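Biologist: I have not looked at this one before. Can you walk me through it?
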2 protein chains.
Amino acid sequence: MAARAGVSRATVSRVVNGEAGVREVLAVKVRRAVKELGYVPNRAARSLVTRRHDAVAVVIAEPETRVFADPFFALQLRGISKELTARDVQLLLLLTEGRDDHERVGRYLAGGHVDGALVFSLHLDDPLPGIIHGAGVPTVFGGRPGWAGSARYVDCDNRGGARQAVRHLVGLGRTRVAHITGPLDQTSAVDRLDGYRDVLPAADPDLVVEGDFTPAGGERAMRLLLDRRPDVDAVFAANDLTASGALRVLRESGRRVPRDVAVVGFDDMLPVAEQADPPLTTVRQDIEGMGRLMAAMLLRGDVHEEGADGADADAEGGACVVLPTELVRRESA
Amino acid sequence: MAARAGVSRATVSRVVNGEAGVREVLAVKVRRAVKELGYVPNRAARSLVTRRHDAVAVVIAEPETRVFADPFFALQLRGISKELTARDVQLLLLLTEGRDDHERVGRYLAGGHVDGALVFSLHLDDPLPGIIHGAGVPTVFGGRPGWAGSARYVDCDNRGGARQAVRHLVGLGRTRVAHITGPLDQTSAVDRLDGYRDVLPAADPDLVVEGDFTPAGGERAMRLLLDRRPDVDAVFAANDLTASGALRVLRESGRRVPRDVAVVGFDDMLPVAEQADPPLTTVRQDIEGMGRLMAAMLLRGDVHEEGADGADADAEGGACVVLPTELVRRESA
């Protein structure tokens, strides 16, 4: 959306959140882009009518070991923390050892201790969304949930970003472009795979290998790829951590990046992308900004209807903000 | 205590917590060591009489950026999480941007949402302990609080561990042993400095430089040390992250470790210590075990009086467990 309006993301965020400090000429541009892209601000709907506890729960549907190992979560929490602190609302991070603990999370949420919940890293077969729905607290999801019904969420344009990555590799003249996916029980991974297939609908299925968004998963997948298709000349990795693992295996195999194999990641997670060897070309998403928007949406009802046309949203209806991505070129592709 | 009893720490923990699965002969040894070291189990006192919420708050008196950057906190949280999950109690990590948010933390704790609080990384001039006391929730501190009054806490033997480190360096024949401290508004840093001075009471004050438990602080302090005393031949760094920064500066300055300058850290935090260049000789403390003990102490009242002799503890009185440390030799000293 920032690209469409020709302004910075910070400006989009300020306009969308009704904050001061944006010149009217820019605000008009942003509102026009919002309209063109099908988002309609709907300031009144679904704000937290009763802020009784001044506390918001954050639930990450991963074991605590993963939460502290993957900087993606720290970045999203940073955005959430800044936004909640600015409104003097306490952030409660509910940690678990795994899925078996989600019933207990539901009991805490239902217990009247928080004003709302921010939930991310959902997996398709996880009972957590049902449990949270049963708890009856206002909720905003990070990432598009995998069910057909309505939900409020903030996401980035995973499919469009994947298309940017793959088109870039094709534009470099690469003809055997592989994809190491994320865990395919998460919509972000499925959407990125769909973006790859949009550009390369006839790609050899052997060029697609499932990873899990971790460096170790990237290593395993890259080894499998090199076994199956030693002639691979490009890899689109579903995130930067996966790419870092793939780069390690390519180096071990004696292949030069980007000369023999070009690699593109996803996230632009610093310092992972910058300190990769070679520095990683990747698809940037504003992870911290997504966290801020989730918190703002929950607390102020600043929700933006996809495809709606100015009508008030049904109080039980869905709403989302999908943030744009951009390709950041470094040395790996 | 494990060393005194000649058994593993896990065994000490099981005996101390009244768990099954320990042979009686070992249990007797542990109880004898507990007695000799002045800890007397006092199972009845100060348990959580009313567990109404099945939730415990964890408060780390650092900004969230530090919480996610320093693996010490992740390790302690891992121990706390395992212990709470085993008892089906929800862990709530209360994140803040900094000290200005501690009043809000106090309001949440006082609001009747949790059964107790685990608090760590206190700084001496922080109003947090007073705020938490005012909130009236049962609390266990990680690390000895800096006030004279009573408190329940779990700590490691910081002073004894520092003595182990410095004696090791002196034993290697080093005569110009420096110390890069932690932030001296924390008792762990003060106690480690006291341990250094126990062994080297007449050391040149120029050999002691204040750090802040971060790699960047270790770099700054090491540069200052090399300016002041270019003849330094050993460094005791107050933690492994500090040591990793000091090693970097020593390498840049062309000094070889350990030949020119021997370096010892504190924590034995993996993978920091193992992946240091060269791998780090350090003082091991059981960080995850400290987290487990804090949680167990809060939930079951398994507290151990220092210096008491079997008498029931005053319900408002202090209680502590101080865990032993051990020197782990690798290549840096």
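This is a predicted model: local features need pLDDT of at least 70, side-chain atom pairs count only at pLDDT 80 or more; totals for chains, interfaces and linings use all residues.

Biologist: How many helices and strands does chain A come to?

Modeller: Chain A has 13 helices and 14 strands. Helices (H or I, at least four residues) and strands (E, at least two) are DSSP runs, numbered from the N terminus.

Biologist: And what share of chain A counts as buried?

Modeller: Of its 333 residues, 60% count as buried. Buried means under 20% relative accessible area, exposed means over 50%, and partly exposed is in between, with a 1.4 Å probe and protein chains only.

Biologist: What about contacts between residues 24 or more positions apart?

Modeller: In chain A they account for 74% of the contacts with a separation of 6 or more. A contact means heavy atoms within 4.5 Å.

Biologist: Now helices. What does H10 of chain A pack against?

Modeller: Its buried residues pack against strand S7 (177-181), strand S8 (208-210), strand S9 (234-237) and helix H11 (240-252) of chain A. Those buried residues of H10(A) are Gly217(A), Gly218(A), Glu219(A), Ala221(A), Met222(A), Leu225(A) and Leu226(A).

Biologist: How far does H10 of chain A reach?

Modeller: H10(A) covers residues 215-228, 14 residues in all, and reaches 20 Å from its first C-alpha to its last, close to the 20 Å expected at 1.5 Å a residue. The expected span is 1.5 Å times one less than the number of residues.

Biologist: At what angle do H10 and H11 cross in chain B?

Modeller: Roughly 45°, with the axes coming within 7 Å. That makes H10(B) oblique to H11(B). Among the residues making the contact are Met222(B) and Leu226(B) of H10(B) and Leu241(B) and Val249(B) of H11(B). Axes are lines fitted to C-alpha atoms, for helices over the stretch in contact, and angles run from 0 to 180 degrees between N-to-C directions. Angles under 35 degrees count as roughly parallel, over 145 as roughly antiparallel, 65 to 115 as roughly perpendicular and the rest as oblique.

Biologist: And H8 with H9 in chain B, at what angle do they cross?

Modeller: Those axes come within 7 Å and cross at roughly 40°. H8(B) and H9(B) are therefore oblique to each other. The contact includes Val166(B) and Val170(B) of H8(B) and Tyr196(B) and Val199(B) of H9(B).

Biologist: Is His179(A) buried or exposed?

Modeller: His179(A) is buried, at a relative accessible area of 0%. His179(A) sits in strand S7 of chain A. Leaving aside neighbours within four places in sequence, its contacts include Tyr196(A), Val209(A) and Phe236(A).

Biologist: Where is Leu109(A)?

Modeller: In helix H6 (residues 102-110) of chain A. Leu109(A) is buried, with 1% relative accessible area. Not counting residues up to four places away in sequence, Leu109(A) touches several residues, including Ala57(A), Leu94(A) and Ile132(A).

Biologist: Back to chain B. Which residues does a cis peptide bond with omega of about 10° join?

Modeller: Val257(B) and Pro258(B). Pro258(B) lies in the loop between H11 and strand S10 (262-267) of chain B. Another cis peptide bond joins Leu270(B) and Pro271(B), with omega about 0°.

Biologist: Last one: what is phi of Asp54(B)?

Modeller: Near 50°, a positive value in a residue other than glycine. Asp54(B) counts as partly exposed, at 28% relative accessibility.

Definitions and conventions. Residues are numbered from 1 along each chain as its sequence is written. Chains are lettered from A and ligands numbered from 1 in the order in which they are written. Side-chain values use heavy atoms; hydrogens and water are left out.
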